[in-house]
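User: I am new to this structure. Please show me how to read its side-chain contacts.

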Amino acid sequence: MSLDPSKHVDNVMDSEFHSLTEYLMTTLKDQELTVLMSQMALACKATSRACAKAGIANLFGMAGDQNSSGDDQKKLDVLSNDIFINALVKSGSCCVLVSEENEEPIICPEDRSGRFCVCFDPLDGSSNIDCNVSTGTIFAVYEKKTPGKLGTVADVLRVGSDIVAAGYCMYGAATELVLCFKGQSVERFALDPSLGEFVHTHSNVKFPVGGGKKIYSCNEGNFPYWDQPIKDAVTEFKEKKYALRYVGSMVSDVHRTILYGGCFVYPADTKSPKGKLRVLYEGFPMALLVECAGGKASTGMFAGKIQRMLDLEPTHIHERCPVILGSPRDVDFILGKYAA
């Protein structure tokens, strides 16, 4: 649902702003979580600025290292990772941080340790940054469950249904922050550079009724390596005149899927039998957002059975999984191919 458009006009006479800060203060009854989300928003603003100025600030190109997944790191990968780690540690709300860019979990020092754990991909789709394609940040927040002041890896190796908050920030033509808290609605915020604040633009975001536009999103170059049910589903999508839309940045592809409908598919294949996307900071947060928006998120056939993504129990912080998410119309159609 879009909020009152008269409140969104860039008018210096405005005296009332429906902002992320206002939303957090009025929605959350947890001061520590409010501080954490405010610091997350600050890190998103700083990363947005870095992406916008990457060319003139000589931030394009490689940093010369590899991340936890073996991918070559770009300069912006390293910078955005440092931005998020610094902001979250200094919030005093976190005890464990898991980043795609770090092989090991980051245990916050005891004097700055809080109740929450954050798993995040600081710059998803960074392979596209040099050609100015949209990138984004993805994050999931857990509440600490182990005793003692310091957190442990056990605090994040949990089912996705334990997540208390999830979201993504997309750095494109505009910078948009989309988030939800467990059991609540999906909310959209757009960064107003003149205010330096995220403005609340859409409340209770939902998938279009009936499944929305007929769009499927996948890397069809992997078609020869998929299992037969996925091949059959994609073939039928084409026969039904579905349009293929694929950016290659998960944030962009999932954002479009939630707003327009259709489905996003990154299945397991013979090259990556466990899937390509990471469970903790890609699969889980996107699955929670999709479900809260009225969609479905599944692994497809994985480890011998079809599973709801949020029911997975990861055993490693960088574990991977297949991803099938989108409108119930299209996700159910794909999963039905396994029963055929």
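Analyst: The term means a side-chain nitrogen of Lys or Arg within 4 Å of a carboxyl oxygen of Asp or Glu. This is a predicted model, where local features need pLDDT of at least 70, side-chain atom pairs count only at pLDDT 80 or more, and totals for chains, interfaces and linings use all residues. Residues are numbered from 1 along each chain as its sequence is written, and side-chain values use heavy atoms, with hydrogens and water left out.

User: How many salt bridges does the structure hold?

Analyst: Side chains of opposite charge can pair when their charged atoms come close. The structure holds 15 salt bridges. One of them joins E236 and K337, at 2.2 Å between the closest N and O atoms. E236 lies in helix 4 and K337 in helix 7, so this pair ties together parts 101 residues apart in sequence. Helices (H or I, at least four residues) and strands (E, at least two) are DSSP runs, numbered from the N terminus. E236 is partly exposed at 23%, while K337 is buried at 18%.

User: Which residue meets K238 in a salt bridge?

Analyst: E220 does, at 2.7 Å from N to O. K238 also lies over the face of F223, 5.7 Å from the ring centre. For a charge over a ring, NZ of Lys or CZ of Arg must be within 6 Å of the ring centre and within 35 degrees of the ring normal.

User: How many aromatic pairs are there?

Analyst: Rings of Phe, Tyr and Trp (its six-membered ring) pair if their centres lie within 6.5 Å; planes under 30 degrees apart are stacked, over 60 edge-to-face, the rest tilted. The whole structure has 6 aromatic pairs. Y216 and F237 have ring centres 5.7 Å apart and planes at 15°, so they are stacked. Y216 sits in strand 11 and F237 in helix 4, 21 residues apart.

User: What about F237 and F333?

Analyst: Their ring centres are 5.3 Å apart and their planes at 45°, so this pair is tilted. F237 and F333 are both buried. Ring pairs link Y216, F237, Y242 and F333 into a cluster.

Conventions:
Buried < 20%, exposed > 50% of the residue type's maximum accessible area, 1.4 Å probe, protein only.
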